[in-house]
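Please open the model in a viewer and keep the selection tool at hand.

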Amino acid sequence: MGSLDLLMQGFADALTPTYLLYAFIGVLVGTAVGVLPGIGPAMTVALLLPVTYSLDATGAFIMFAGIYYGGMYGGSTTSILLNTPGESTSIITALEGNKMAKAGRGAAALATAAIGSFVAGTIATVALTLVAPQVADLAVKLGPEDYFALMVLAFLTVSTVLGSSVVRGLASLCLGLTLGLVGLDVLSGQARLTFGVPQLSDGIDVVVVAVGLFAVGEALWVASRLRRTPPSLVTVDGHWMSRDDFRRSWKPWLRGTALGFPFGTLPAGGGEVPTFLSYAAEKRLSKHPEEFGKGAIEGVAGPEAANNASAAGVLVPLLTLGLPTSATAAVLLAAFQQYGLQPGPALFDEDSELVWALLASLYLGNVMLLALNLPLVGLWVKLLRIPRPFLYAGIVMFAALGSYTLSQSAVDLTLLFLIGALGFMMRRYGWPVGPAVIGLILGPIAEQQLRRALAISQGDVSTLWSTPFAAIVLGICAVIVLTPLVLRVVATRRRGHDTTTDDRDDVLEKR
Amino acid sequence: MSQTTTHHQGRSEVVPAAGLVVLGIYLLLSARGISVPAGEHSIGPRFFPYVVGGVLVVVGLWLVVAVLRGDRAEAEAGEDVDDQASTDWRTLGVIAAVLVGYVVLVQPLGYLLATIGLFAGMAWSLGARSWRSLVLVSLLAPFATYLLFTRALGIYLPNGLLASVI
């Protein structure tokens, strides 16, 4: 069967009343939770995991598709209406969108974000549908050494891209890897880091770590320095998009999509890089560069499109290789594992019905989001007014619920709160949280692939770079590690030889 | 985004950085205690703990040095975070007590009663002072959640004391 037939079959599955309802609930709840201040897309998905525990796998993933896109969308609404960004991918949206809202053009900003998200989401989902089966076909041929190389690359890029400090990114990654070691070793059945606690022999559940780091950590962090005066909330008035707004928006939407999707597919931390690139590109190409920083509509349209397109792009490596490249994707991978599914090339063969129903519901979710968000903005604004004590009490209650339902055990709750304290510490010192979640999930998989590769080669280490694919990927890893070192050496040399070329050193230092 | 948010909170980050080193050393030492099954020809279950432990020590030392040389990362921003405020340890202490209480009481009291306590405790320590809304929301929110999960979603939550009532 060709991809189109499979997709049509997927639509036929997704369009049953029950699954449509799941998709709708997913989009609605995902957006609502994503709108709540302090909750980013990764936390939205992690917090809502327990809601799907009682559904069948296909139903659960249809709902997840909605939650994923809805959470992304909700985040940008928050950053337009409040003056501080919730997560790194909506920094730009906050920058321009909030300025627009303050200038009385909030409705136009929200509209260009909503329509841009729809355009980008739909185009990127088409691209996902076309690209993913091809990649899956190629991925079948990859051996354990190739996977191991890919995972090393993912570890390096997420810890250097997410967050501003490389050493702190690595620290976070190591914490995740350590947490991933806890439990019985899959291959040999030996207990590691279990401290004799029987409940730890199954390992620490990803939900507990993700919810602990994101939700409990955030609640503690907010509690430690709660803004006593609520942040100023702009009202959504002003005219909807004018004809001129449309003329200025459509190109940025398309350019943002073109940047966002490919970057999303790379192991480079998801939407962060393309949103910044899109903003820079729009500023350069705009006929009104003077408006940037004061509320230029292109500065909302482009980055928002890039953000949403990358959300679809992230699904390519996740579904075809089992490789999460953003914290949100890592939580989604955990959701797959809960259902005993291992994303990867085999998923397209063995569970093709589920995959295509999931892809079809991504299209449907996009349409629902557009239909929901344009009229429901008023409701989202009300959500932003929830008194903070109740909001964060609710977040902690839900986080605890998610962990408690796993096995009705107080051990999981203890772990949850301890990991929450860790999340608080990481926020306080500016350690990015994403690499820890990715390390936790990818660490055990990377270990298995490494050991499988070495078992096949009977301990010959050179097998790790024996295929061209693995060699190239490891080569890229070496470049990533060595480039900053080389640049630093060059910069110090220059400084020693010639003290007049200060600007050039500055440029090098910034890289 | 702005320079004003950079906090110079002294060198206290040395503590978690050194913690990484200690954790790494612990991993290296405890990895020796992992028994390797006979007939294991590949690298076995000890290898990864050794690698992670080694990297932890290196990264931890790197961070200790970086912090001592004045390297600081920006604390995370957020919608409800006052970037000018200093850490409110009193509130954190109260919350810690609430969370510990929840862990201890959730089984004897049952999910619903304990969660009402958790919600009220969290909301109160975060500054909810209007008694009427505090009582009302703290009763309603956990109750609605409990009903949604046990009745609508069919997920089991042990209800301790109230088991025979609801």
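What percentage of the 511 residues of chain A count as buried? The figure is 61%. It should be noted at the outset that this is a predicted model.

**Stop 1: chain A as a whole**

Select chain A and colour it by secondary structure. The chain holds 19 helices and 2 strands. Its radius of gyration is 23 Å, close to the 24 Å that the globule rule gives for 511 residues, so chain A is as compact as a globular protein of that length. Along the principal axes, the C-alpha atoms of chain A fill a box of roughly 70 × 70 × 55 Å.

**Stop 2: helix α3 of chain A**

Next, select residues 41–48 of chain A, which form helix α3. Is this helix mostly covered or mostly uncovered? Helix α3(A) is mostly covered, since 8 of its 8 residues are buried. They run from A:P41, A:A42, A:M43 and A:T44 to A:V45, A:A46, A:L47 and A:L48. To see what surrounds them, display α2 (17–35), α4 (57–81), α8, α12 (327–338) and α15 (388–407) of chain A, against which these buried residues pack.

Show the side chains where they meet: A:A42, A:M43, A:A46 and A:L47 belong to α3(A), while A:V207, A:A210, A:V211, A:F214 and A:A215 belong to α8(A). By class, this contact has 9 nonpolar residues, no polar residues and no charged residues.

**Stop 3: helices α9 and α10 of chain A**

Select residues 243–265 for helix α9 of chain A and residues 272–285 for helix α10 of chain A. Their axes come within 9 Å and cross at roughly 150°. An angle over 145° counts as roughly antiparallel, and α9(A) and α10(A) are therefore roughly antiparallel to each other. Their crossing is right-handed. On the α9(A) side, the contact is made by A:P252, A:R255, A:G256, A:L259, A:G260 and A:F263; on the α10(A) side, by A:V273, A:P274, A:L277, A:S278, A:A281 and A:E282. These residues divide into 7 nonpolar, 3 polar and 2 charged.

**Stop 4: where chain B touches chain A**

Display both chains. The contact takes 64 residues from chain A and 63 residues from chain B. On chain B, select α1 (14–31), α2 (47–68), α3 (89–109), α4 (111–125) and α5 (131–152), each of which supplies at least two residues of the side that touches chain A. Which helix gives the largest share of this side of chain B? That helix is α2(B), with 9 residues. The side of chain B that touches chain A divides into 42 nonpolar, 13 polar and 8 charged residues.

**Stop 5**

Finally, select B:V67, which is found in helix α2 of chain B. Why does B:V67 count as buried? It has 22 C-beta neighbours inside 10 Å, and a residue is buried if the number is 20 or more. Leaving aside residues up to four places away in sequence, B:V67 touches B:R11, B:E13, B:V14 and B:A17. To end, draw a distance from the C-alpha atom of B:V67 to that of B:G121: these residues are 54 residues apart in sequence and 36 Å apart in space.

Notes:
Residues are numbered from 1 along each chain as its sequence is written. Chains are lettered from A and ligands numbered from 1 in the order in which they are written. This is a predicted model: local features need pLDDT of at least 70, side-chain atom pairs count only at pLDDT 80 or more; totals for chains, interfaces and linings use all residues. Axes are lines fitted to C-alpha atoms, for helices over the stretch in contact, and angles run from 0 to 180 degrees between N-to-C directions. Helices (H or I, at least four residues) and strands (E, at least two) are DSSP runs, numbered from the N terminus. Angles under 35 degrees count as roughly parallel, over 145 as roughly antiparallel, 65 to 115 as roughly perpendicular and the rest as oblique. A crossing is left-handed if the near helix is turned anticlockwise from the far one by less than a right angle, and right-handed if clockwise. Two residues are in contact if their C-beta atoms, placed from the backbone, lie within 7 Å. Ala, Val, Leu, Ile, Met, Phe, Trp, Tyr, Cys and Pro count as nonpolar, Asp, Glu, Lys and Arg as charged, and the others, Gly among them, as polar. The radius of gyration is taken over C-alpha atoms; the globule rule is 2.2 Å times the number of residues to the power 0.38. A residue is buried if 20 or more other C-beta atoms lie within 10 Å of its own, exposed if 12 or fewer, and partly exposed in between; C-beta atoms are placed from the backbone.
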